[in-house]
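Please read the points below with the model open beside you.

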Amino acid sequence: MSAAIDVQQIVVRGNGRTREHVIAQELAPALRAHSYDEVGDALLAGTERLRALGIFRTVDVLLDTAGAGGAPRKRGMVPANVVVTVTERNVLSATTGTYVQSGEGSAEASILARNALGLAEVAELNVTRGHERSNAFRLSLSKPRLFGSECSIALGARKHLLSR
């Protein structure tokens with residue numbers, strides 16, 4: 001059995017757009033853990049969830065027992081803070097391309113807005129223009145961890161036009 005530890009707070013650094021609670025909720029299970037092993041497992045899982053959001057370039061997590069400062073909530077436990085430092089990805093990205101399908105050449109452009117509101121949301125607009133008969137438009141929105149829950153939501157709208 002590993003030593004007892006009291007994680008007192010999660011300190012977030014490097015977030016310019018991303019709201020602090022979005023980051024802290026992924027690491028919150030470490031606040032309820034009581035051993036180094038449990039805290040380590042909670043931080044490893046939380047770090048993977050943060051990376052899976054796709055809004056950070058880097059995620060670094062440190063368990064700081066030297067800078068915790070406060071007394072542990074229970075006797076015999078080591079006080080600690082979790083310090084997470086993130087580097088955010090760019091909000092906007094764009095891609096373009098061309099392809100041939102069923103004898104028709106098409107051009108495609110996509111614009112992706114990632115984490116613009118700081119809530120780990122993603123919005124994408126995709127436009128495809130065929131040189132002869134078809135045009136397509138697609139808009140999609142997604143939000144992970146809806147209202148802090150395990151649920152995610154994804155919405156999409158598509159319009160495909162064929163001319164004769």
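1. Basis. The model is predicted, so local features need pLDDT of at least 70 and side-chain atom pairs count only at pLDDT 80 or more, while totals for chains, interfaces and linings use all residues. Residues are numbered from 1 along each chain as its sequence is written, and side-chain values use heavy atoms, with hydrogens and water left out.

2. The three-stranded sheet. Three strands make up an open sheet, ordered S1-S3-S2, with mixed pairing. Its edges are strand S1 (5-13) and strand S2 (56-64), each of which pairs on one side only. On average, neighbouring strands here are turned by 15° against each other, direction ignored. Helices (H or I, at least four residues) and strands (E, at least two) are DSSP runs, numbered from the N terminus; two strands pair if DSSP finds at least two bridges between them.

3. The S2-S3 pairing. S2 and strand S3 (residues 78-88) run antiparallel and are joined by eight bridges. Leu62 has Val83 in S3 as its bridge partner.

4. Helices on this sheet. H1 packs on the sheet and touches S1, S2 and S3, its direction making about 150° with that of S1. H3 also lies across S1, S2 and S3, running at about 165° to S2. Contact here means heavy atoms within 4.5 Å. Axes are lines fitted to C-alpha atoms, for helices over the stretch in contact, and angles run from 0 to 180 degrees between N-to-C directions.

5. H1 against H3. The axes of these two helices come within 7 Å and cross at roughly 140°. That makes H1 oblique to H3, given that angles under 35 degrees count as roughly parallel, over 145 as roughly antiparallel, 65 to 115 as roughly perpendicular and the rest as oblique. The residues that meet are Val22, Ile23, Glu26 and Leu27 from H1 and Leu43, Gly46, Thr47, Arg49 and Leu50 from H3.

6. Glu26 and its partners. There are six salt bridges in the structure, a salt bridge being a side-chain nitrogen of Lys or Arg within 4 Å of a carboxyl oxygen of Asp or Glu. Glu26 sits in helix H1 (residues 20-27), 23 residues from Arg49 in the chain. Arg49 is partly exposed, at 28% relative accessible area, whereas Glu26 is buried at 2%. The cut-offs are under 20% for buried, over 50% for exposed and partly exposed in between (1.4 Å probe, protein chains only).

7. The longer-range link. Glu26 also meets Arg145 in a salt bridge (2.9 Å, N to O). Arg145 lies in the loop between strand S7 (134-143) and S8, and the pair is 119 residues apart. Both Arg145 and Glu26 are buried.

8. The five-stranded sheet. Five strands form a second open sheet, in the order S4-S5-S6-S7-S8, with antiparallel pairing. Strand S4 (92-101) and strand S8 (153-162) are the edge strands, each pairing on one side only. The twist averages 10° from one strand to the next. Nine bridges join strand S5 (residues 104-114) to strand S6 (residues 122-130), and these two run antiparallel. Val127 in S6 is the bridge partner of Ala109.

9. Ser110. This residue lies in strand S5 and, at 8% relative accessibility, counts as buried. Its side chain makes a polar contact with the side chain of Asn126 (2.6 Å). A polar contact is a pair of N or O atoms within 3.5 Å; within protein, one must be able to donate a hydrogen and the other to accept it, and residues adjacent in sequence count only if both atoms are side-chain atoms. Leaving out residues up to four places away in sequence, Ser110 touches Ser93, Ala94, Thr95, Glu124, Leu125 and Asn126.

10. Glu124 forms a salt bridge with Arg138, the closest N and O atoms being 4.0 Å apart. Glu124 is in strand S6 and Arg138 in strand S7, so the pair ties together parts that are 14 residues apart in sequence. Glu124 is partly exposed at 22% relative accessible area, and Arg138 is partly exposed at 28%. Elsewhere, salt bridges that share partners join Glu26, Arg49, Arg145 and Glu150 into one network.
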